[in-house]
Amino acid sequence: MATTYPTTPEAAAEEPVNYLNVEHGWKSWLFTTDHKRIAMLYVFSITAMFMIGGTFAMLMRLHLTRPEGIFAPETYNRFFTMHGVIMVFFFLVPSIPATLGNFFLPIMIGAKDLAFPRVNLLSWYLYIFGAIFAIYVVAAGGVDTGWTFYAPYSTTYSNSYVLSAAVGVFVAGFSSITTGLNFIVTVHKMRAPGMTWMRLPLFVWANYATGLIQILGTPVVAIALVLVAVERVMHVGIFDPNVGGDPILFQHIFWFYSHPAVYIMILPGMGVISEVIACFARKRPFGYEFIAASSMGIAILSFVVWGHHMFITGQSVYTGIVFSFLSFFVAVPSAIKVFNWTATMYRGSVTFESPMLYAFGFIGLFTIGGLTGLFLSTMATDVPLHGTYFVVAHFHFVMVGGMLVAFLSGIHFWWPKMTGRMYSEAWARFAALMIFAGFNLTFLPQFVLGYLGMPRRYAAYPPEFQVLNVLSTAGASILGISLVIPLIYLTYAWKYGPKAGNNPWGAKGLEWEIQSPPTTFNFDDTPTVTEEAYNYGEEVEEQRVA
Amino acid sequence: MWASYTFLADLPFAAPIASKEAGDIDLLWWFLCAVSLVMTVLIFIGVIGFAFRYRAKPGVPPVQLHGHTALEVTWSVIPFLVMLVMFWWGTDLFFAAQSPPKDAMEIFVVGKQWMWKVQYPDGTREINALHVPVGQDVKLTLASEDVIHSFGIPVFRVRHDVVPGHYDSLWFRATKPGHYRIYCTEYCGDRHSQMVGWVDVLGENEYSRWASGGGSGGTLAEQGQQLFTQNGCSTCHLLNEQGRCPILKNLYNKPVELNDGRTVIADDAYLRESILQPNAKIVNGFEANVMPNFQGQLSEENVIQLIAYIKSLSPATTPSQVGVLPTKGPQVPAPGKKQSAATKATAVTPAPQQAAPQQ
């Protein structure tokens, strides 16, 4: 446990030239094409959006401490919609790819930058442009359709700022597409000599698979939103049956993107966990090929399960059967990953630094999130659980317990590389444990609430559900405060932390062989790769498990 | 008699159960819980166990292992087989829940922002309240006036989206008298959380007493007949001779030949469409554009009344008559009855509060 970091206490010493200090002034940031600077721009932007989205979450939990609520129902409806829209489209989707992926994907494959540096900057501007619309919606009075924008409510009945929100999401979607496109081209064309596909770090595999979903899926949600706008403005009958449309059509188009999008929101997290566990178990990831292949398997299968959101909409029973079956199928690659991460620690040399603590949390929470998904793929049990807090708890276990925790794990893992400074490990461990505890207290009661029948998106609820709701709010308070702690010590460390050195964890991989923080072009000379990223042992024993 | 898995409701933390299907679904639910628990425990033991057993110790280097294909296959196939059990079991139950028994009593539920309007075949109407007899199959036909709603009764473990533009349905057989909650579970606007109600499951005697009142404006079919005259339908759809439009007598649930050669069954969905959008399907031998569109002219409740009237023109094919219990007993006010009488008085529904979108 006693890890000694090769840090130099005299942090004030002269910094070598790196991507952070090579240029100064706002222009050097806003017009940069350095993937690392753009990644940092994204870190600030998504953190800001996360805080807005998180504020809405806290307001919702505050409202739900009383069965009759505190705010007007119209206000509460705007809270949960803004929370969902901001968290999904402006935090979760860009979270890991646009920050850690942007920063490390080129470095991990030995490239100087992404394939299209200016497109990369464009993607950040698109994100900001979309975010401005989202913030305008917040300031103007909000949108109340739920993040799913279901028609005909969104097209005909809602009195809120649906169009502006749709424009924001539409534009931010192109930011996601351009990032995905950049990643795919970069992985195909920019790998250093010797960096074969089977030597790619698993984080790269995960982001590559994510990129595929981003470019194939996101245009479809853009179409859905355009159609909502067309119907809302011009009253063309697309979704509203009163003018000849079909409301179910919207759900098909929307979920065709938004189910794969769930995997945009988890695959990169899985990539981070693969890296972190390998490092802190000092092991090559067990079943590397299977983990890599399962990322691709998830990306492909994710496109054929959308109908499991629609079992009770009246879609054909036979359609439902096919989607139910395929939904079980997609659970297999996720299970493979969990088993392989666990097996990676077998005969390893495990240490418990904060990134690893988050990774443990990820495995536990993602396991629960995944298993509760089976309840919803099973058609008969989906009927009573659909539209209840069970669903809310399920996807928060995957999205927050999975993606957010993985994001924190990755940020803690790579912060020394990104900033060159080390944060307080004691605070980091404390925060990791508090986040885990707060998270479980928030969302475990929601499984029970859903099973007992409490519908989601309710501004008021029967009094018998109050105890569980208050417990959930208590958990959310702990979670909310715990999430502020890393913000403080990470920022503090950037300015005052001890120097981290190039490889504080003794990790393998190209990113740990270069200077911290890296120089603008990462490598002085293009590296030649002669081994895979996880060469933690002197030799690989040809030994069989079991 | 309905002995099944309702004892599951006695488990700690278990949700109450009031239908046979609920017991069946809960057995599957507990199976899923058990499998999930076993998997969670195994993985937690694996993670925590390995982490501590193989924690870093000086002088003990990690052993690099490549992987193990047989192991990978094993831990892919076994969970998948278990999941196939879930899939098969869940699909089987779901399938059974799709087709209501032929002799089910039929009740009509119209969802609109933000209330459930319930119509019984005898013309009784209620808002946010539903009365059903214990031990009898009940089929709810669901329609929406505006946006998508979802009608759910947790104690029966039933739920179905109510999508505007067509009919949805669900059915159940209550096994336990009581007073249970109804929720709308598809977000439908400002007062979504107030689109709730109660279902009263009454014993047989209690139910017949409750049902003996009948509708103040006649049965559903009689109400439909009135509309049929008021809207001028009767001028073209003559009762016994061929007018400008097809005869509706003995039409319900019979095949109809269309002018494009297809044959369709004149069920609720067909009748609804033919009332609201008459030109969608033209009966063989008739002209299009004779009957006006009633889309937006008639409420879903009116359409249900008209269909009930058309059904009544086809004697012996009306399963929904089960709803009117034969015993029209003396007018003894039952406990549940008072409340319903009060709702009946207000059954003239408030105007829909659909504000036009701004922006």
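The dialogue below takes up the chain contact, a pair of helices and a pair of domains.

Tutor: Please keep in mind throughout that this is a predicted model.

Student: How many residues of chain A are in contact with chain B?

Tutor: On the side of chain A there are 86 residues, and they are in contact with 75 residues of chain B. Helix α12 of chain A, residues 317–344, gives the most to the chain A side, with 12 residues, and by class that side has 51 nonpolar, 24 polar and 11 charged residues.

Student: How should I read a pair of packed helices?

Tutor: Two packed helices are described by the angle between their axes together with the distance between those axes. Here, the axes of helix α13 (residues 354–377) and helix α15 (residues 389–419), both of chain A, come within 8 Å and cross at roughly 160°. An angle over 145 degrees counts as roughly antiparallel, and α13(A) and α15(A) are therefore roughly antiparallel to each other.

Student: What is the handedness of the crossing of α13(A) and α15(A), and which classes of residue make up their contact?

Tutor: The crossing of α13(A) and α15(A) is left-handed, and their contact has 15 nonpolar and 10 polar residues, with no charged residues.

Student: Which domains does the assignment give for chain B?

Tutor: The domain assignment of chain B gives domain 1 (16–98), domain 2 (105–217 + 324–345) and domain 3 (220–321). Domain 2 and domain 3 of chain B each bring 14 residues to their contact. On the domain 2 side, β1(B) gives the most, with 3 residues, and by class that side has 6 nonpolar, 5 polar and 3 charged residues.

How values were computed:
Residues are numbered from 1 along each chain as its sequence is written. Chains are lettered from A and ligands numbered from 1 in the order in which they are written. This is a predicted model: local features need pLDDT of at least 70, side-chain atom pairs count only at pLDDT 80 or more; totals for chains, interfaces and linings use all residues. Two residues are in contact if their C-beta atoms, placed from the backbone, lie within 7 Å. Helices (H or I, at least four residues) and strands (E, at least two) are DSSP runs, numbered from the N terminus. Ala, Val, Leu, Ile, Met, Phe, Trp, Tyr, Cys and Pro count as nonpolar, Asp, Glu, Lys and Arg as charged, and the others, Gly among them, as polar. Axes are lines fitted to C-alpha atoms, for helices over the stretch in contact, and angles run from 0 to 180 degrees between N-to-C directions. Angles under 35 degrees count as roughly parallel, over 145 as roughly antiparallel, 65 to 115 as roughly perpendicular and the rest as oblique. A crossing is left-handed if the near helix is turned anticlockwise from the far one by less than a right angle, and right-handed if clockwise. Domain bounds come from an automatic or database domain assignment.
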